[in-house]
Amino acid sequence: MARRNRPSRWPSGVRSHLRVDRAVVPNPAPHRGAEQVPPIGPCRSATAPSLLPRACSRPLPAALLLAALLLGAVPLHAQTEVRRQLRFDPPAGATLDAPVENRFFLPVADHSAALHPFEGSLTIVDSTMHDTAPASAHTRNRGLRLFPEFEAHFFSHDGALVPLERTELQPDGLHFWRIILGVGRTWSEAGDGGMSRASFPFTLVAPWDNTAHNGVATFLYNDESVSPLLFQVTQETSPHARYDFWGRLDAEYRPGAIPNREQNLAAYATELEQQLPIRPWSELEGRFVSEALEGFDGPLEPADISASGVVIDGVIYLRTPMTRHGPYPYPRELRSCVYSVSKSMGTGAAMLRLAQLYGADVFDLRIADLLDVRADHDGWNDVTFGDALNMAVGVGDGAPQRRPFAAHVDENSGGNFSRWYDTLPADDKLTAAFAFGDLPWGPGEVLRYNSAHTYILVAAMDAYLKQQQGPEANIWDFLMDEVYRPIGAPYLSIRRTWEEDGSDGLPLFHGGMRVTVEELARFSTLIQQGGVWQGEQLLHPVKLAEALRRSDAIGLPSGISNRYGDDTYLASYWAVAYRGRDGSFVEVPLMSGYGGNQVVVAPNGVTAFRFADAMDFDVLPLIRVAEVVGAPFEGVRLPLQLMPVGVWRIPEAARFVALFEVVLWIWFALLLLFLLVIAWRLRRAAVGAAGWLRWLLVTVLVGPFALIGRALVERQTDVVPVTLRGVTGSVSVAELTATTLIGFGVGMKLALWAITSVPALDRGVLLPALVIYLLPLAAALVVAYLPLARRIMGRRGWPRALLAGAIATQLVLALAVSPLQAWSNRAPVPLMFPSPMAWMLIGWALALASLLLYPFHRWLLRDAGSLAAPLPGIRRCWPLGLGSLVLLVAGVLLVVALSG
């Protein structure tokens, strides 16, 4: 349960740690929309200092406070927290021996506005850092401990410290690290000897590794000089490199006007006006039941998460970004390496912009027409841009069979993939990407996720853009100029190939973006609005609708599933199956990256995100919260859950499937009524000789008709085979034929399994499935129903009783499971009901249990003969009726007990 806001346990005047459950740590720069939290502890106005400190947390009455001070009961120095860390007295002796709480990089003592403006260049020379990395990390990564040198221009503006260079700064020579600067803050404290104090956030990134390490630095300054910088790095998105860095940096300050001063000041003022609001998560907890928001971050620890929250109507509700040393001081500037989320924000966005400018036919361009294909096979001859964006090029090294699905067999597999990943120059990397072998199928048929194919697509898009706009054009500048700058994200960072001549190289859209929460929020708002920004259509609307599953387009199956169905992939977006609280079915599109970086683009317009590095990929908690805080999902509601849980439903066919569900309802009702009529009116005159035939025809024909119709609609294409609770593939004809000897229950369920587990309906599967269904049903009707009135409990009646019990069990379970599933779908945490095979076993186990109760039935009815006199033969049928009641109760209990 979420922690409730409650009064601080700290005494008045002592600042406690920033608490996770109270508010997001605000960006101290005066950004519009960021929640501003007043200093905790004694504070005063910068313009009108008070003789007595004003307590800002649980204030004592003024009289008691004054009396305490006069009597010495409360020492005056206790009313102001003394800065115990990051002190600069004297500045030359400032050191940082170990990481401290991040709050010390913000004002923690009695403070006021900065005493000096800051404007000029700041130069940092490379210095050795302290770190917690193991020796093996230094062996693998030479230069890991060297802080990168840089020179950047800064200016102060209304308490903010703004770097002029906010893109990736590259040191001279070959360095392991590069640096990205963010907007910080300026202020003054009484203990700084008349100097002003500043701090700013930064991100360390590596040109050959997907990683982003976030830190913060602080220093003192006046009109002429600066102190050394004290810094620490205590947070990252990097599953394989979770280290702290800290130390001291010597700095040189050259005061002077920044280049294009007025233009840059105006640009920053405009940026402040257009910033998206960032609100604390506690505001959502105040608007919704806190239990409904629980579990948003799943089982992850706070230190595993860089940033998480939701975007609603352009407002970011952010959970407090934590580090190993407290909340991060500048959450708006925190950058996360989002890995394969870059495929959607980079490759997908570039393709959609190209399609908007040059037409949707760019999806049909052949890669071989634009690149020098260096493969030793012809598998790339017909591969299009769209095939590569769908990860379905028909090229790869592993698992040369369609099933079981092996979508990720080539990703991170070593061999050719590792050689491609470790290659740095663009042209050599392209050669390595073409080294994968050919597969037996062609492009567009089977999902084989491979980041090397994304790299080939990026190279092809870059070549196409040069054809259209000239040799100086490049795909990264195109994407920034055409998409990200127009939406207000001009500082988005990307990793590129490393070139020996110092040129930029190709952007690594397969996994190299470093993203802030605001940049993500702007992009997600763009795609949620159909690719429109401020009235201008930036992205192709039809292709975007296909990618977000808001059209009839069908993704490629992955073999990955959750309790609701299978995951698919299309146009750089994943989609997961989900059932809303009202029982409706919907596909939820998703951007997903290594380490657990997940961005849910919910169909109600809400975006839920979690940037993390703990390898957790469960997005259902994010989807549930997105459904809670936004409008209900507009999915397709299915009246009866006959199909096994975990079977993918083609969305555009679901409405037609629902019609056949209604027919199946009618069929079940007829079968149940048939049992009741036979059980309670055993005489032939009750239904007549012709009535038997009518009942037989209706029950036999209506069910198969509904099944065939449903299968034809639901499996009308050959691109969506399904997964049944992790078991992939189809059932062989021999296996199906063998089950005809078992009986109605297993036959019916395996028929459903066969019909819905194959990619296409053909005679080789459909006819055996129908035989499997019809033979046990006909046998059960002939053997059990027709002679039921006279001989159901004869000396050799137990096989017929077993069949009749199995029939009743299947009906009872079907009718019991459906409302339970519907109820479960509306619950906060839906249950996982048994698989089809478990359902069969339960049915037959209960049928056998009913037979074991037969002696008890005989004993019970021995003294009930007089009661049965009005209906001759009722004692012979009573076990079936009582057994069905027992089955109903036991079936419900077992279904609930076996639910996950």
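Is R335 buried or exposed? R335 is buried, with a relative accessible area of 7%. Keep in mind throughout that this is a predicted model.

I will stay with R335 for a moment, and with its partner. R335 forms a salt bridge with E519, and the closest N and O atoms are 3.0 Å apart. The two residues come from distant parts of the chain: R335 is in the loop between β19 and β20, E519 is in helix α12, and 184 residues separate them. E519 is buried too, at 6% relative accessible area.

R332 and E518 meet through their side chains in a salt bridge, at 2.9 Å from N to O. R332 lies in the loop between β19 and β20 (336–337) and E518 in helix α12 (residues 517–528), so this pair ties together parts that are 186 residues apart in sequence. R332 has 3% relative accessibility and counts as buried; E518, at 10%, also counts as buried.

Across the whole structure, the search finds 31 salt bridges. One of them is between R324 and E236, at 2.8 Å from N to O. Here R324 sits in the loop between β18 (322–323) and β19 (326–327), and E236 in strand β12 (residues 229–237), so the pair ties together parts that are 88 residues apart in sequence. In this pair E236 is buried, with a relative accessible area of 2%, while R324 counts as partly exposed at 31%. Both belong to a network of salt bridges that links E236, R242, D244, D304, R324 and D613.

Now the rings. There are 31 aromatic pairs in the whole structure. Take F118 and Y221: their ring centres are 5.0 Å apart and the planes stand at 90°, so the pair is edge-to-face. F118 is in the loop between β1 (111–112) and β2 (119–124), and Y221 is in strand β11 (residues 209–221), so the contact ties together parts that are 103 residues apart in sequence. F118 is buried at 1% relative accessible area, and Y221 is buried at 0%. Y221 also pairs with F219; the centres are 6.1 Å apart and the planes at 55°, so this pair is tilted. F219 is buried as well, with a relative accessible area of 0%. These residues are part of a cluster in which ring pairs link F118, F147, F154, F200, F202, F219, Y221, F231 and Y253.

Two arginines sit over rings. The charged end of R103 is over the ring of F104, 4.5 Å from its centre. For R319, the ring is that of W281, and the distance to the centre is 5.1 Å.

Two backbone points to check. Most residues other than glycine have a negative phi. D313 has a positive phi, near 50°, in the loop between β16 (305–312) and β17 (315–318). A399 also has a phi near 50°, in the loop between α7 (385–389) and α8 (416–422). D313 is exposed at 76% relative accessible area, whereas A399 counts as buried at 18%.

Last, the surface. Y594, M615 and F617 make a nonpolar patch of about 270 Å². Of these, M615 lies in the loop between β30 (607–612) and α14 (620–629) and is partly exposed, at 39%.

Terms used:
Residues are numbered from 1 along each chain as its sequence is written. This is a predicted model: local features need pLDDT of at least 70, side-chain atom pairs count only at pLDDT 80 or more; totals for chains, interfaces and linings use all residues. Side-chain values use heavy atoms; hydrogens and water are left out. Rings of Phe, Tyr and Trp (its six-membered ring) pair if their centres lie within 6.5 Å; planes under 30 degrees apart count as stacked, over 60 as edge-to-face and the rest as tilted. Helices (H or I, at least four residues) and strands (E, at least two) are DSSP runs, numbered from the N terminus. Buried means under 20% relative accessible area, exposed over 50%, partly exposed in between (1.4 Å probe, protein chains only). A charge sits over a ring if NZ of Lys or CZ of Arg is within 6 Å of the ring centre and within 35 degrees of the ring normal. Patches are made of residues with over 30% relative accessible area and no salt bridge: like charges are joined within 9 Å, nonpolar side chains (Val, Leu, Ile, Met, Phe, Trp, Tyr) within 5 Å. Accessible areas come from the Shrake-Rupley method with a 1.4 Å probe; for residues, only the protein chains shown count as cover. A salt bridge is a side-chain nitrogen of Lys or Arg within 4 Å of a carboxyl oxygen of Asp or Glu.
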